[in-house]
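Hi everyone, thanks for coming along. I'd like to walk you through one structure today, a few residues at a time. Let's bring it up on the screen.

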Amino acid sequence: MLAFVVRRLLQAALVMLSVAFVAFMLFQYVGDPVLQILGQDATPEQVAEVRAALGLDQHFFVQFAVFVWNALHGDFGMSIHQGVPVARLIAERFPATLELALVAAALALLIGIPMGVYAALRRGTFLAQVFMTFSLLGVSLPTFLIGILLILVFSVSLGWLPSFGRGEVVQWGWWSTGLLTAKGWRHLILPALTLAIFQLTLIMRLVRAEMLEVLRTDYIKFARARGLSDRTVHFGHALKNTLVPVMTITGLQLGGLIAFAIITETVFQWPGMGLLFIQAVTFADIPVMAAYLCLIAFIFVVINLIVDLLYVAVDPRLRLDKTSGH
């Protein structure tokens, strides 16, 4: 297990170093930050002075080493467009994105798993067919279209829920949350549901497929032969083994929810990191883009590492054999 952890940590470090290199290359090939700061009318002397102040006159690898060192300390420089530290922008926007992703993941799990179990145990019934049709729609429809349809129905036609913004939030130091206010929850429902639908249908189809596969195994047949009730067989044996691969997919999808909330945040004008990234792309705000890429990669690496460790812990077949090294 120790060798497995060390190997995963080394892989994570290599991934983060590769992403940092890609983020650093944005400074080299996506516009000139000096001209963006000074404008097109700057004199050569002014350009040389600012370039020296920013360290852009140094060797390429020296600049990259300084970038990595600063990134390890959470320093990604100043936002070119907004003129404030990038770390502060990320700290202000990250709570909104994390809150949205966690609520969407909870909805996907709490709804998707029961639907998948029902579709597997009650194959051929009308409700099971409805669930499968819904899953096809959820996988096929693009996220922005789902968001627009939900706004049209629940905001425009019925007037039940707000269509944009985060609502009333409560500050806990630098952290802000809308989960402690009624208006915060009302603003959160539609974007969280929009973000959750694809993950919900994916989890439902995965649970159904895994459940059907597990129900065909020999130990399930042996459990039935012992006279165990259907409830014990389905939920005490089959479901527990079904959730092992679901746990892996769910962990990775949480990172995807955080990374790909861009469209949802844009549709609902949710003040999170996705909307910040879209604004950074619009104004070629390279420090913000680089910080976003590094942060998302770090989240994926951490979640992937945690999922790998949990997967090995719950499935003895994947544990390292100390004698053979496999």
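Let's begin with threonine 177, which is buried, with a relative accessible area of 9%. Remember that buried means under 20% here, so a value of 9% puts threonine 177 in that group. Before going further, please keep in mind that this is a predicted model.

Where does threonine 177 sit in the fold? You'll find threonine 177 in strand β2, which covers residues 175-177. Its side chain has a polar atom 3.1 Å from the backbone nitrogen of leucine 179. And which residues does threonine 177 touch, once we set aside those up to four places away in sequence? They are Glu99, Arg166, Val169, Val170 and Trp172.

Now let's step back to the whole chain. The protein chain has 13 helices and two strands. It contains 326 residues, and 40% of them are buried. If you take contacts between residues at least 6 apart in sequence, 72% of them join residues at least 24 apart.

Next, a pair of helices. In general, two packed helices are described by the angle between their axes and the distance between the axes. Here, helix α5 spans residues 86-121 and helix α8 spans residues 182-215. They pack at an angle of about 35°, and their axes are 6 Å apart. The crossing of α5 past α8 is right-handed. What classes of residue make up the contact of α5 with α8? By class, there are 27 nonpolar, three polar and two charged residues.

While we're on α8, have a look at lysine 183, which is in that helix. Lysine 183 touches Gly167 and Glu168, leaving aside neighbours within four places in sequence.

In the model, residues 188-207 are 100% helix and 0% strand, with end C-alpha atoms 27 Å apart. Residues 243-270 come out as 82% helix and 0% strand, and there the end C-alpha atoms lie 32 Å apart.

Glutamine 269 is in the loop between α11 (262-267) and α12 (273-282). Its phi is near 50°, a positive value in a residue other than glycine. Is glutamine 269 buried, partly exposed or exposed? With a relative accessible area of 42%, glutamine 269 is partly exposed.

Proline 271 is in the loop between α11 and α12 as well. Proline 271 also counts as partly exposed, because its relative accessibility is 29%. Beyond its neighbours within four places in sequence, proline 271 is in contact with Arg93, Ala96, Gly165 and Arg166. Along the chain, proline 271 and glutamate 92 are 179 residues apart, yet their C-alpha atoms are separated by 8.9 Å.

One last stop: serine 135, in helix α6, which runs over residues 126-140. Serine 135 is buried, with a relative accessible area of 0%. Setting aside residues up to four places away in sequence, serine 135 touches Thr201, Met204 and Arg205.

That's my tour, so please ask away!

Methods: Residues are numbered from 1 along each chain as its sequence is written. This is a predicted model: local features need pLDDT of at least 70, side-chain atom pairs count only at pLDDT 80 or more; totals for chains, interfaces and linings use all residues. Side-chain values use heavy atoms; hydrogens and water are left out. Helices (H or I, at least four residues) and strands (E, at least two) are DSSP runs, numbered from the N terminus. Buried means under 20% relative accessible area, exposed over 50%, partly exposed in between (1.4 Å probe, protein chains only). A polar contact is a pair of N or O atoms within 3.5 Å; within protein, one must be able to donate a hydrogen and the other to accept it, and residues adjacent in sequence count only if both atoms are side-chain atoms. Contact means heavy atoms within 4.5 Å. Axes are lines fitted to C-alpha atoms, for helices over the stretch in contact, and angles run from 0 to 180 degrees between N-to-C directions. A crossing is left-handed if the near helix is turned anticlockwise from the far one by less than a right angle, and right-handed if clockwise. Ala, Val, Leu, Ile, Met, Phe, Trp, Tyr, Cys and Pro count as nonpolar, Asp, Glu, Lys and Arg as charged, and the others, Gly among them, as polar.
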